[in-house]
Amino acid sequence: MRQSGRIVRQVLDHVRGLVAPGVNTMDLERAAEKKIEELGAKPAFKGYYDYPCVLCTSINQEIVHGIPSEKRVLKAGDIVSIDCGVVLDGYYGDAAITVPVVEVAPEVQKLLAVTEASLYRGIEAARMGNTVGDVGAAVQELVEANGFSVVREFVGHGIGTKLHEEPQVPNFGTRGHGARLREGMVLAIEPMVNFGKPGTKLLSDKWTAVTEDGSYSAHFEHCVAVTKNGPLILTE
Ligand code: CO
């Protein structure tokens, strides 16, 4: 899983470097598909419940599962979440980043910084003996202390020889509640944070989740192993 995690990171680093005004999200998709092949892995999302692409690219008020398209052209001030999964020798890796296109408004910059920081709070809580509620609470507390909100309808997940395994890993919760974390578990922790209210809706393409209030949304994700020596990030 360290190897599949490293490949996901290499793909995201490569694609991040291509983000610029005038670039469309299908350009990012094509670059990612080529990179995954070069690195000897297989995409994890393409064909999963008939999802058509290797990336999810979600712009501005889109939360997750945006489908790459030539019609979606990035412009300065946008934010784009890039989510990628791969499988190598049967083991999955899954990670996401949200990237500003050139310069974004200061409050949007703060949304990105808080969302990424909340992911690291969640990772810190991914320890043997803790529960998934400890992870969710850690994420939620930082997000809400900064006046933003966590999405309820989409959650993180266990990951291993399947993309989605038990347990579900919500970005909200109560300390001490939920499944207990054991040595060797791997969690995909993925806060989805809305600038405004937490509500979501699904577009007619049946994939793209957007904020109900139209506010911007950010998304960062890492796969994290629970070990004797504490949390180990596999997608770094
Ligand atoms: Co995931």
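Modeller: Before we start, a strand here is a DSSP run of E with at least two residues, and strands are numbered from the N terminus. Y49 falls between two such runs, in the loop between β1 (42-43) and β2 (55-59). Please keep in mind that this is a predicted model.

Colleague: Thanks! How do you know whether Y49 is buried or exposed?

Modeller: Its relative accessibility is 67%. Exposed means over 50%, so Y49 counts as exposed.

Colleague: Let's turn to the metal. Which residues are called donors of the cobalt ion, and what makes them so?

Modeller: They are D94 (OD), H157 (NE2), E190 (OE) and E221 (OE), at 2.1 to 2.4 Å from the ion. A donor must be an N, O or S atom within 2.8 Å of this metal, so these atoms qualify. Along the chain, the donors follow the spacing D-x62-H-x32-E-x30-E. Two of them link distant parts of the chain: H157 belongs to strand β7 (residues 156-158), E221 lies in the loop between β13 (217-219) and β14 (222-227), and 64 residues separate the pair.

Colleague: Why is the site of the cobalt ion called irregular?

Modeller: The angles among its four donor atoms range from 84 to 170 degrees. A tetrahedral site would need all angles between 85 and 135 degrees, so that label does not fit. The site is classed as irregular. Water is not among the atoms, so a site may look incomplete.

Colleague: How do you know whether H157 is buried or exposed?

Modeller: H157 has a relative accessible area of 4%, and buried means under 20%, so H157 is buried. E221, at 1%, counts as buried by that rule too.

Colleague: Now to β4. What makes strand β4 (residues 79-88) mostly covered?

Modeller: 10 of its 10 residues are buried. In a regular strand, side chains alternate between the two faces of the sheet. In β4, I79, S81, D83, G85 and V87 are buried on one side, and V80, I82, C84, V86 and L88 are buried on the other.

Colleague: How do you know that β4 and β5 pair?

Modeller: Pairing takes at least two bridges, and β4 and β5 have 10, in the antiparallel sense. L88, for instance, stands opposite Y91 in β5. The two strands form a hairpin with two residues between them, and D89 in the turn has a positive phi of about 50 degrees. β4 also runs antiparallel to β2, joined by five bridges, with S58 partnered by S81. β1 is joined to β4 by two antiparallel bridges, and P43 stands opposite V86 there.

Colleague: What kind of peptide bond joins E166 and P167?

Modeller: The bond is cis, with omega about -10 degrees. P167 lies in strand β8 (residues 165-169).

Colleague: Which residues have the most contacts inside the largest nonpolar core?

Modeller: V19, L28, L55, I82, C84, L181 and I189, in a core of 40 residues. Beyond its neighbours within four places in sequence, V19 is in contact with residues including L28, L74, V80 and I82. Another core lies apart, with 14 residues, among them F45, Y92, L163 and V186.

Colleague: Finally, how does the radius of gyration of the protein chain agree with a compact globule?

Modeller: For 236 residues, a compact globule would have a radius near 18 Å, and the chain has 16 Å, which agrees. The chain holds four helices and 15 strands, and 53% of its residues are buried.

Definitions and conventions
Residues are numbered from 1 along each chain as its sequence is written. This is a predicted model: local features need pLDDT of at least 70, side-chain atom pairs count only at pLDDT 80 or more; totals for chains, interfaces and linings use all residues. Side-chain values use heavy atoms; hydrogens and water are left out. Donors are N, O and S atoms within 2.8 Å of the metal (3.2 Å for Na, K and Ca); water is not among the atoms, so sites may look incomplete. Four donors count as tetrahedral if all angles lie between 85 and 135 degrees; four count as square planar and six as octahedral if opposite donors are over 155 degrees apart and all others between 65 and 115; anything else is irregular. Buried means under 20% relative accessible area, exposed over 50%, partly exposed in between (1.4 Å probe, protein chains only). A nonpolar core is a set of buried Ala, Val, Leu, Ile, Met, Phe, Trp, Tyr and Cys residues joined through side-chain atoms within 4.5 Å. Contact means heavy atoms within 4.5 Å. The radius of gyration is taken over C-alpha atoms; the globule rule is 2.2 Å times the number of residues to the power 0.38.
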